[in-house]
Amino acid sequence: MFSYETIIYHSNYLFLERLIQSLKMKKLLLSIICISGMINLSAQKRKLPLDTIVSTQHSVTINGTSINYTAKTGTQPVWDDKGDPIAALHYTYYTKNNVKDRASRPLLISFNGGPGSGSVWMHLAYTGPRVLKIDDEGYPVQPYGVKQNPFSVLDVTDIVYVNPANTGYSRTIPETGKEVDREKFFGINADIKYLAEWLNTFVTRNNRWSSPKYIIGESYGGTRVMGLSLALQNQQWMYLNGVIMVSPADYKVIRTGGPVSDALNLPYYTAAAWHHNALDPELQNKDLEEILPEAEEYTIHSLIPSLAKGGFINDIEKKAAAKKIAYYSGLSEKEILDQNLVVPTQYFWKNLLKNKSGYTIGRLDSRYLGIDRQLSGSKPDYSAELASWLHSFTPAINYYLQEELNFKTDIKYNMFGPVHPWNNEKDNTRDNLRQAMAQNPYLNVMIQSGYYDGATTYFNAKYTMWQIDPSGKMNDRFSFKGYRSGHMMYLRREDLKNANDDIRNFILRTISKGKSARYK
């Protein structure tokens, strides 16, 4: 028999042994849990919420009047024909508070271009309630950030800024790989189709079917909104009051080459050379808007016919044309003759100031100056204006969305997203706009361009406007506005005010106010 002490000893020993085994098991389980968690964390990917909204309250003073507004930023899906999500588009939607009759308040739908560009540009520098911190001519200043926009059009219209697939925070589902059906997103007609469907959902969710609607597109966004005007009307039964094209890229002209496309650059050359004091004194001593009509007249009536003759132009006419082009461009007659009267824009950006300051000039805004590795050459090393813009826009949009609008994500904001190759085939967008206007007597069009834009020149934009309606019966529904700035004319404070005033007046002028939609 065991003594009482022996029994107690053995009991304690067994208890301790079991306790030790238990602790070992807990330690093992804890290790397994930690390892499992690490595996799960390592397997996680950065993902954008498919369908979400973050709402915040703000105020802004516009033209001396304080306005309270709601900012909603979030995502809304793009669905395929089976109802499965194939993309999540990020947007920011501003509505003025305390509006009694939302149905009569306009909605402005805003796109940028690229293709592949986020909506950051017009959002944070043009029409929105906040603009980035830059100087009065549009150059970056530190510290980066945003400030109130005293000229925003939020006083007369609510605004939504949309990021197409793979731009801004928007992403396809999945983001990459063979499973992404690129044909559904990345082409002129695919882009128009899915965005029209997306806008239908957005308008329905936000109860804006009764509101007068306007779409605005910058650069490639001009092509986009021309196409959307008809797609919304014929596929979604959504009728617009206005289309606004900012520095529009019309691929019927741009990159096509030929006498018309080549000649249309000349008035832009005149404007850029005038800005840099590079013209003949007879022109330089006049105001810009006094000399541009001269360059336009020469382009239409003389230069296009001369270039149309190609290599069969006679020497007398060729030398006379070279002299005139030199007069209106600031380049030498020899440079122009050496290139058979057709001066590429890249050559102009590189060489206009070659023998003056040695600087290059910007492509999208020729007020900007750049420094190349060497003086000689046929094109600049880089785009001086784009380097400057990214300098200020990138930190501003990341700060603004995350800190002021409280949209928290680890997803990178794509200033320029992976959308290429882009299918440019079957571009009927110019005639799409004509058809939409013909079918909808309410639909008006305004074009805004900067005189110093060398990518989508102001005279290209005028030419596009002239070509939309060959019948001439809708001329009174078109308007053109020019500004002493570049592609993003609104970066210059004076033009920020003027261009927003032009949009404001366009909207107020084209609201029907009870007028019937019919021809008389």
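The model is predicted, so local features need pLDDT of at least 70 and side-chain atom pairs count only at pLDDT 80 or more, while totals for chains, interfaces and linings use all residues. Residues are numbered from 1 along each chain as its sequence is written, and side-chain values use heavy atoms, with hydrogens and water left out.

Five of its five residues are buried, so E7 is largely enclosed by the rest of the structure. Here buried means under 20% relative accessible area, exposed means over 50%, and partly exposed is in between, with a 1.4 Å probe and protein chains only. In a regular strand, side chains alternate between the two faces of the sheet. In E7, Asp-158, Val-160 and Val-162 point one way and Ile-159 and Tyr-161 the other, and all are buried.

Who pairs with whom? The table has the strand pairs (two strands pair if DSSP finds at least two bridges between them).

| Pair | Sense | Bridges |
|---|---|---|
| E3 (residues 85–96) and E7 | antiparallel | four |
| E4 (residues 107–111) and E7 | parallel | four |
| E4 and E9 | parallel | five |
| E9 and E10 (residues 242–246) | parallel | five |

Tyr-161 in E7 stands opposite Thr-92 and also opposite Ser-110. Phe-111 has Gly-217 in E9 as its bridge partner, and Ile-215 is partnered by Val-243 in E10. Between E9 and E10 the chain passes through helix H4 (residues 220–235), and this β-α-β crossover is right-handed: with the strands pointing away from the viewer, the path from the first strand over the helix to the second runs clockwise.

Now for the surface. Tyr-359, Leu-369, Ile-371 and Tyr-382 form a nonpolar patch with about 390 Å² of accessible area together. Accessible areas come from the Shrake-Rupley method with a 1.4 Å probe, and for residues only the protein chains shown count as cover. Patch residues have over 30% relative accessible area and no salt bridge; nonpolar side chains (Val, Leu, Ile, Met, Phe, Trp, Tyr) are joined within 5 Å, like charges within 9 Å. A salt bridge puts a side-chain nitrogen of Lys or Arg within 4 Å of a carboxyl oxygen of Asp or Glu. Ile-371 sits in the loop between strand E12 (369–370) and helix H12 (384–404), and is exposed at a relative accessible area of 61%.

Conventions
Helices (H or I, at least four residues) and strands (E, at least two) are DSSP runs, numbered from the N terminus.
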